Amino acid sequence: MKVVRRWYLFVSATIGLQGFAWSLIWLLYGVFVASHQPSISTTAFQLAALVICLPVWLIHWLWGERLARRDQDERASAVRKLYLYGNLAAFLIPLMWAVYDLLDAALALIAGASRTDPQAQLGYGAIASLVLGALFAYHSVVARNDAHQASLTGAGALVRRIYLLLAAGTGLIIFANGIIDVIRLIFGSADGKAIVQLFANATIKVFIGLVVWLGHWWRAQRLFASADEDERGSAFRKFYLYLVIVSASLTAITTATGLLASIFRGWLGLPVEGSLIDALAPMVVWAVVALYHATVLQADTAAIAEGPRQAGVRRLAWYLVAAIGQLAALVGMGGLLSVIIRGLAGADTISELREPLAWFGALLVVGLPIWLVCWRRVQRTATTAGEIGVAERGSLVRRIYLFGFLFIASLTLLSTLIYILFRLISIALGEQFSGNLLVDLAQAIAFGLIAAGVIVTHGLALRADTRARAAAELSRQAQVRVAVLAEGELAERIAVALRQQFPQLALSIVSRTPEAEAHLANADLIVGAWQPASDPSWLNRYPARKLLVPLASSNWAWVGIEPAAVANIPAQLAQAVRQTLAGEPLRPQRGVGAGAIVGAIVAIVLLILVIIGLVQVALFAFL
């Protein structure tokens, strides 16, 4: 009931607030800007919207405030935080543009620069900045007071965290682009009033971006430095840091590739387009941004241990950069090898090979070091002894990375082999072929060799991961003592199922007898079946974890639990033991339904069609 009321109050308040803010802005703009005289109907509509929206906002907002004063849960609710921080975001973006218009128009008037309607731009900037700034400041103060009066946890804290980091990221982008423009103007070439106006615009972007970035980033840093474990253990903060690092690094890498290609073009006697500073400025600025956030990330890691979700974000970032670096290196390597084969065949002149040589060389020089650094980092983590290495080798991201490149390389090798055989067979059958056969096959040979190398290296990595995981699993099994608590044939069947799947387990079959006391006291796991007629409370005196399957009887029905057939008990317990050894939550083993079977068939058919389509595209790309 409270949730429905909260959504009603704050959605209604948001509609009223936004309608009031923008109707007030455009009404004041029509009144005070002489060059913009709206029609009577436009003014009437703005007045009507203002008169209606203001009471709608005040009624619902004051109602929500009264509830928040009475109940701390209302003040800390996620819906209230969504209202506050959502409207802060909705005000922040147009506020930045309004301040930009205000400062740009003011500087243009001072410098005597030409504008289409400087008074209109100045008037809108001033009015929008005042209205939006006042509402932004008010809601910011309310959000701060809420945080002081009721600590935020869960969804409410996440809403605040998302707002702070996304606003900081927006300010960072504007600030960095402004710095890039300033560097280009200082070291570039421009003249007269043009450079003055461009420099003023770049300076305004630097100022606005710096204020927005520092204001929100400083707040996020203070929250992380506090004793709030929810903030310190946040996976979204790690996601933000890695996103900035990856994005900034990729931007720097892209510009570095273009810069290197231009340098290589100059060395090879080709004309160089563009200015050196145009590529150097973004590369340097975004590299500094990436290094700063990498330093913050290292400080975060030193301050608090990495959790499972944070480790997942880390893996995603490292493997993503490694994949991009490897793709660039492979394309560059394959292209260079193709150029070399074509050059040795003598079909192309040196002048014709210079352009691809410059670009493929730049891709290789930039991509190879990136891949080597990232791959060595992830491999060092994967080969670490203990649970860290086991988690890294078994991670989904790593397996997607390895199998993804294996799939791409296999498809590439298949396509190149088919094309090479196609050319050779067609010539053997008498088809006329003009030109140099080696040149025609150069690209297929080059990328086929590269694909074969990828298959070998990634296949060996997967094989090493499989062996290491198997060894770690056997080692973990050897340290676990399991007591099977069941009677007669069922106990034997449970023991057989466990020995088949976990050959290194220290396994013993016990029953409720004095002789079994030592086995139960020393066991790490107690598995078996629970008869409703028996009392399992006597097992509480043993420290081992208990994995018991309840059995049904004529007078007992387990509500909410699927009845376990005796034949399925060994498999259910084996799965529970596997999940326990892996540190996973227990999930029952369920049969496959008709819907799942149909869905699997449809998915397989679609996958086959996609693979056939990819193969056809790869084949006909050579024709």
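Predicted model: local features only at pLDDT ≥ 70, side-chain atom pairs only at ≥ 80, totals over all residues.
Helix α1 (residues 2-32) supplies the largest share of the patch, four residues. An α-helix has 3.6 residues a turn, so residues three or four places apart point the same way. Leu82 lies in helix α4 (residues 78-111) and counts as partly exposed because its relative accessibility is 42% (buried, under 20%; exposed, over 50%; partly exposed, in between).

Helix α19 (residues 569-581) has 13 residues, which at 1.5 Å a residue should span 18 Å, in agreement with the 18 Å between its end C-alpha atoms. The expected span is 1.5 Å times one less than the number of residues. Among the buried residues of α19 are Ile569, Leu573, Val577 and Leu581. Their cover includes α16 (442-478), α17 (488-501), β3 (525-530) and β4 (545-550).

Overall, the protein contains 20 helices and four strands, assigned as DSSP runs (helices H or I, at least four residues; strands E, at least two). Of its 623 residues, 41% are buried.

Residues are numbered from 1 along each chain as its sequence is written. Local features need pLDDT of at least 70, side-chain atom pairs count only at pLDDT 80 or more, and totals for chains, interfaces and linings use all residues, while side-chain values use heavy atoms, without hydrogens and water.

Notes: Buried < 20%, exposed > 50% of the residue type's maximum accessible area, 1.4 Å probe, protein only. Contact = heavy atoms within 4.5 Å.
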